[in-house]
Amino acid sequence: MKHVLFIIAILLLAVSFFIFFGCSSVNDVLDTCDELSDTVSFAIGVNNISFDELYYPYYGMLREELKKVYQQLYSAVSEYKTSVIPAASITTDEAAAVVSALSNDHPELFWLGSDYKVSYLSNGKAIEISVEFNMPVEQIAEAKNKFDTTAEAIIGTAGQLTSFYEREKYVHDHILEHARYDAADVISAQSAYSALVTGKTVCAGYSKAFQYLMTRLNVPTYYCTGYSSGDHAWNIVRLDDGYYNVDLTWDAKDTISYAYFNRTDAEFSETHTRTEYSVYLPACNATGFAGPVENNYTLPEFAGVDIPHGIENYSFNNYGGMPPMYIGSQESAEPPAYIVEQDFTELPSYIDTQEANGIPSYVDIPEPDEPPAYTDNQEFSEPLPYINDQELYEPLPYIGNQESSETPAFFNNPDLTDPQPYIIIS
């Protein structure tokens, strides 16, 4: 409710400027609103908390302003709240980075789902981040009690072992003995709760459960996302001599396997490719605590698998580079390696810049053999009007009457008085 009142207050201030200073349009009001939002503190609900970057590496990849929002969102989700007004002026892309970092760092927030929404102003500034939970709020307390009870029992036993390696192997084996791969309820199966309590989980659940227990045992363990015969997740663990890859999912056999237990990046490169921010997690080159040798290390189902375009040539030698402290910053000298820079000062290359009656011409696009994929009508025997090679018999549907001097409806809509939300699926 406070969030709503805050937003209303900003809008009322903007309207006051419109009334008393003669703004020429509603768009001027929105611009004024943007300016006011920069001058009013967004620091609502921020606790004085911080996170050790050795255990929370994705937090460490964020610049300082985004860390504030990360801290704020952590506090909100911990208190079963689903939305915050950002504690700093950030863009929608920066909000996405914060949500991703929080989810990757904190498996104990097992009720946090993967869907979220960012509301923003006309200048792109995020004014609210809303997340979704994978269970009703009224069920979280009971579920947390079960989760904590199960976890503490495992931690209590593993904590008596004298080396980090012994603790790691115990946790690896215990999870695989008590959980099985089951994607019937794939949303719930993504959480650490699914692996520790219900015993029905998928790769994300295995990895988050292992991450949580190992972190509690003072062993830095990270959630790593990537590709392995499909979108996948596994772990990176730090032992005495360095970092290792561990994949509980592919070790989950009728008899516990160690084929993917404490392996180097070189060994994993045949079957696993990191993606997104996980490429900045430490390189795994240690060998002193490698798992038992197995003759079937490279399992048949991974032989010659095709991986998505764009990551097939990515070298594991690039792993563990300097963490992108500039995530969300426009002042970076270089973008992260996986981000393709786009030049927005020119029209996209697929648009012929020659104009036909003021409308960009698409004559350079080869005519498709079949109707476009988004056309449901499979019997459509002619190309759509705007794909016609040389002639436009009718104006484009969304432009309206070409003889009209009015601005197309989708530009500078004077009726646009509310911030427009959009949904990002992580």
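In which sense do strand β8 and β9 pair, and over how many bridges? In this predicted model, β8, made of residues 242-246, joins β9 in the antiparallel sense over 2 bridges. To find the spot by eye, look for V246, which stands opposite F261 in β9.

Strands of a sheet pair through backbone hydrogen bonds, in either a parallel or an antiparallel way. Here 5 strands make an open sheet with antiparallel pairing, and their order is β9-β8-β7-β6-β10. The edges are β9 (261-263) and β10 (273-274), each of which pairs on one side only.

Now bring in a helix. α7 lies across β7 (231-239), β8 and β9, and it runs at about 125 degrees to β9. The length of α7 agrees with expectation, because 15 residues at 1.5 Å a residue should span 21 Å and its end C-alpha atoms are 21 Å apart. Among the buried residues of α7 are R167, E168, H172, D173 and H174, along with V171, I175 and L176.

Helix α6 covers residues 137-158, 22 residues in total, and reaches 31 Å from its first C-alpha to its last, close to the 32 Å expected. Which residues of α6 are buried? They are I140, A143, F147, A151, I154, I155 and A158. As you read along that list, keep the helical repeat in mind: an α-helix has 3.6 residues a turn, so residues three or four places apart point the same way.

Methods: Residues are numbered from 1 along each chain as its sequence is written. This is a predicted model: local features need pLDDT of at least 70, side-chain atom pairs count only at pLDDT 80 or more; totals for chains, interfaces and linings use all residues. Side-chain values use heavy atoms; hydrogens and water are left out. Helices (H or I, at least four residues) and strands (E, at least two) are DSSP runs, numbered from the N terminus. The expected span of a helix is 1.5 Å times one less than its number of residues. Buried means under 20% relative accessible area, exposed over 50%, partly exposed in between (1.4 Å probe, protein chains only). Two strands pair if DSSP finds at least two bridges between them. Contact means heavy atoms within 4.5 Å. Axes are lines fitted to C-alpha atoms, for helices over the stretch in contact, and angles run from 0 to 180 degrees between N-to-C directions.
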